[in-house]
Amino acid sequence: MKIISRRIPLLIAVSAFIIFFTLSALSLLLPFKRSFFSSILTPGSLFGQESPAFLPEKHDYVLVIDESGSMKQNDPQYLRRDAAKLFIYLAETLNKGNRVLISGFGQKTNIYLPMTEISGNEGKISQAIDSIESSQSYTDMKGALEYIKKELDFRTEKNKTVLIFLTDGALTIDDIPPQVQEPQKPSRERPGKPPKEDGAGIIGDAIDNSYMPDTDKTSESNDKNFIKGYGSSTATEDETENESDVPKRESDFLEFYKKELLKLCEEYNYSEIVIHPIAFTKEADISLLESIADITGGICYNPQKAKDLRVSFIEILGNISSRFIKIMDQPDSSPMSGDIEINGYIKELVAIGLKNNYASVPSVKLFDPKGIAAVFEEYTDEDIFKIGKMISPSEGKWSYQINGDAIFVYDISQPVPSEPQFELYAADAIIPVEVNISGVLLEKTEGKENPEDVLADFAVSATVKSPSCDEYTLTDLNDGGTGGDLIANDGNFTAIFDRTSQQGYYEINYEVKHMPTDSISARALNFEVAKFPVKIISVQPLEEYYMPDEEIKIVVQVKKDIEDGNSDDFAGLIFSAGATSQQGIVTKDILLLDNGQGADDVSGDGLYSAVFAGPSLPGSYRIDYFISGGEILSRPACTGFYSLFEIRSVQNAGAEIKNSYFTGEPASVTVDIKNIYQPENPLVYSSASLSYTLTKPDGTLSYGSLFDDGNLQNSDIEGGDGIYSALIKDLEQTGKYEIEIEGSFFPQTSPAPQSEAQTTSAIYINAAEAFYKYYQIKNVPESILLDEGQAESIIDFVILSAASDDSNISLDSAYLSSGTISAAQKSNVVESSPDGANVSTTETKQSAAMPLKASVLKSSEIIKAGIENSVSIEIEISPGTKAGNYILHLPIKIGENTTKILEFDIEIARSSPPYMIIAVIAAGVVLFAGIILLVYFLYIRPRKMFY
C-alpha cells in the first residue's frame, strides 16, 4: 500500500500532462476544422455574427495601425493618433474597466503598449499612441495579425475583444516583405529566403517587442527583385529566358498570401475576436479588408481623408456601444451653440469638443433647462479634445456652447438587431430584418404615457449590401403589427428581405434615428448565403396552439431546385430543424429523416419527419429549417422558412379571485380568455366551456360553471366580452379554499365566423388557484331592543380567527339608518382583501344616516390568532333619536385593510314621562287593592259568615 500511495502523485501528474497535451493539440486543430467542430462546441453556433457585443461588458481593444512610409503622404499630421486617443478615452468614459493594446506594423510589428487597463494609465496610453510613426517599409498584414494573435492567446483574462486594423495599403506583391516564408510551389523555389549570413526566417525582437523578418534593411530594391525572382537575388539564366511568366508567379504567390491571411482570420473568428478594418484612402484593398470583416463579424470602414479617421473610430465605438451619436463640424471660428431636447428615457449625455483649424483649444459648456451651467460628473481635459459626462440629465431643453468640432453621445437604449439570427442561409431565403428598442418603453417620459408616443421619437431603417456590392435600403421597418411585424408598439421594428439569390457575404447596417436629438445609433450584422440543389417546404406543424409538453410533429417536403443543374443529387444532404423562443434557443439539430421509421410514415416519399417534444413554458415559438452536408457546407444553412405556434395554458389566461376574508360571504372568480398571452392583440373566440371544482378546508367538494352571460347572479358584468365568471357561495368554513378551473375554447384569427374545416385547435385550460377565509363571526344577535331614553347598549359576539398572526380590531363610522333589513339586504356588505386590491361594494338603500358613538371595549381590542375571540362593542345612541325601527351599521375593521359591515335590526321603544309612570304605578296599586277587596267581599267574608 505504501508503494502504491507513493505512486499516486506521479500518476496524477502524468494524467494531467496527457490531458493538457491533448487539449492543447486539439486547440491547434480546431481553428482549421471550424466547420465541423463549431457546431458542436461553440454555444449558439447557428446564430449570426452580431458586430460586436454591447459596451456594458468589459472590452479588450486592440489597435493595429499602419506605419508604412505611405502614411507620411496620406496622414502627414498624424491625425490617426488623435482619432485613436479619442476612441480610447471616450470608450472608457462610456463604460469603465476596459483594456487596450497599442501596436504599429509595416515590415515588422511593434507592440508599443501591451494589454493594459485604461483607467489610471492614460499617460502611458497617450505616449504609446504617439510612438506610432510613418517610417516602415512594406505592409505585412498577415505578419502583423499573426503576431498580435499570439499576444492575445497569451492572455490569462480574456474580455470581449475588438481589433481595429488601420491600413492604406493596396497589398500588392511589393507590400510583402521578401523574407516571408511560403510553402514550396511546383518547379519553384521558396520566395524570399535570404542568404544564411543575413539570418533565416521570422524572429521576434526581444528588445522592442517587435515582430520582423531578420534581413538586410539596406537593400530594399534588391529585396523586391528577390521576390520577383522567386529565388536568389540574381535570376538564373532559365528564369531570365522565361521572364514572361514571372507576373503569373507573382500573382500566384500573392493569392496564396491572401488565402493564408483569410485563413488566419478564421482563427480570429473562432476565438471570437472581431476585426474592424479601416481601409484608409481609395488606394486601400477594400475587397480584401471587407473579407476580413465578413469572416470575423466586423465592419469595414473607408475614410478618404485623414480628417475623416476620427469619424470612423467614432462609428466603430457607436457600433460597439449602441449609443446614439451626433457629430457636428464647426463652420467658422465662432463657438457653436444651440439647444437639445432631453427626454426622460435618456440615461446619460456626453458632450465632446474637438480641436480643429478654428479652435486650437476646444471647450465644452452645457446649461440645464433652468439656464444654470452644468457641472459634469466626469470631465476629461486633453489638448486635442474635452469630454464632459452628465448622468441622468434632467428632462427638458438644454443648451450648449462648444468651441471646436462637436460630438454628442446619448445613452438612450440599446438597439438590438435580433434578426436575422443565423450566420448562414440558403439561397432565396426570405429573411426577417428586425431591430429591438423596447428598452425605451421601460422609462417614463413626461407627456408620453402610451408606447406609441415614445416610439414615435424613433425612425428605424436598414441597408443591405449584397456580395456584388449592390445596396438595398429597407425604409419600411415598422412596429405597427404589419409587414412581418407580429405585435404593434412592442419596440420591435421589422421588415422582410428576400433578395438573397447571390452566394456570399451580406452586410446589414441598421440605423435608429432619435428625432428629438437628431442623433443616430448604428449597428451592423453579417450573414452568408450558400446555394443548395434543393428547396424545402414546411408541411407540419399545422396548429397555431399547443398544450405544454405536447409532442409536435415536424414534416418538410424536399423538392429539386429546377434552376440548379445538379438538382438530381440529394446525396449527403442533411435536413434538420431548430426551435427558438423569445428567451433564445429551445432545441437545435432536430434531424429530419425520410426512412419510414419513427415519426416518418413512408420511406423515400420526399417527406422528412421528426417529433419535437414540446416545451412546457407558455409563449411564442418558432421552428426554423436547415440544410447542410454534401459538397456545399457542413454548417447548417437556414432556409428562411419557419413555422410559428404558441404554447398556451391557464397560466396565460389567469383566474382572478375577488374574495372577502370573512366566512359566509361569496367569492367571485373570473377568467379572461380573450386576452390569453397577448393582451395587446385580443383573440376572437367561440365554443368556450369552463367549469370549476372547489375544495373546501375540510376536504369536501363543490362544483359549478363559469358563464359569459351578463347575469349578475353569476357575477358576470357584460355578456359576450370574453370574461367568464362565477359567484361561489356556501363558504362557511375558515381556512384555505382551492379552486381548479378546466375547459377549452377555439380561438380564431379574425372576427368572421370560421367553418368547421377552418377552425383551429382548441386551447385547453387546466390550472388551480387558492383563496382564504380567515374570520368567522358567530353568535351575532339578530335584533336589538332599546328604549327611546336609553343612552347606551352592549353588543356581544364571537370572532373565530384562522389567521397566523394577531390583529387589531376597530370600528369606523358606525351609523343608524331608518328601515328594517330585508333578507336580501342582509347579504349587502363592503369587502376588502388585506392588501386592498380586490374590493366589492353593494349599496343598501337608506334614508339620512344618523351618526352614533360606538367603540370596542378595552378588553377586546386584539383578535388572537387561532382561537374564538369574544368581542364586545359599546354603542351610544345620539340624544333626541326618535323611537322606531332602524338599521345599525357597524364597520368592523381587522388589521389594516380587512373590513366587513355588520348590520342589525334595532328597535327603539318610546319612553314615558315621570308623571305617567307615577300614574301607571298608582293605577296599578289601586287595581291591585280593588282586586284584594273584591276577593275579600266575594269569597273570604261569605265563608266566615257561613261558619
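Author: Let's start with a cut-off: a residue is called buried when its relative accessible area is under 20%, exposed when that value is over 50%, and partly exposed in between. Cys469 shows how this works: its relative accessibility is 46%, so Cys469 counts as partly exposed. Cys265, at 0%, counts as buried. Keep in mind that this is a predicted model.

Now to the loop. The residue to look at is Ile384, which sits between strand S13 (378-381) and strand S14 (385-391). Is Ile384 buried or exposed? Its relative accessible area is 16%, so Ile384 falls on the buried side of the cut-off.

What does Ile384 touch, once its neighbours within four places in sequence are set aside? The list runs Asp82, Lys85, Gly353, Leu354, Lys355 and Pro362. There's also Asn356 to look at: Asn356 and Ile384 are 28 residues apart in sequence, and their C-alpha atoms are 8.4 Å apart in space.

Two of those contacts, Asp82 and Lys85, take us to helix H4, which covers residues 79-94. H4 has 16 residues and reaches 22 Å from its first C-alpha to its last, close to the 22 Å expected at 1.5 Å a residue. Of its 16 residues, 14 are buried, so H4 is largely enclosed by the rest of the structure.

In soluble globular proteins, nonpolar side chains tend to be buried together. The largest core in this model has 51 residues, and the members touching the most others are Leu366, Phe408 and Tyr410. A second, separate core has 45 residues, with Leu90, Phe313, Leu317 and Val350 among them.

Finally, the whole protein. It comes to 14 helices and 52 strands, and 47% of its 947 residues count as buried. Among contacts with a separation of 6 or more, 71% join residues 24 or more positions apart. The accessible surface is about 46,400 Å², and carbon and sulfur atoms hold 52% of that. As for disulfides, the count is 0.

Terms used
Residues numbered from 1 in each chain as written. Predicted model: local features only at pLDDT ≥ 70, side-chain atom pairs only at ≥ 80, totals over all residues. Heavy atoms only, no water. Helix = DSSP H or I, 4+ residues; strand = E, 2+ residues; numbered from the N terminus. Expected span 1.5 Å × (residues − 1). Buried < 20%, exposed > 50% of the residue type's maximum accessible area, 1.4 Å probe, protein only. Core = buried A, V, L, I, M, F, W, Y, C linked by side-chain atoms within 4.5 Å. Disulfide = S-S within 2.5 Å. Contact = heavy atoms within 4.5 Å. Areas by Shrake-Rupley, 256 points an atom, 1.4 Å probe, with all protein chains shown as cover.
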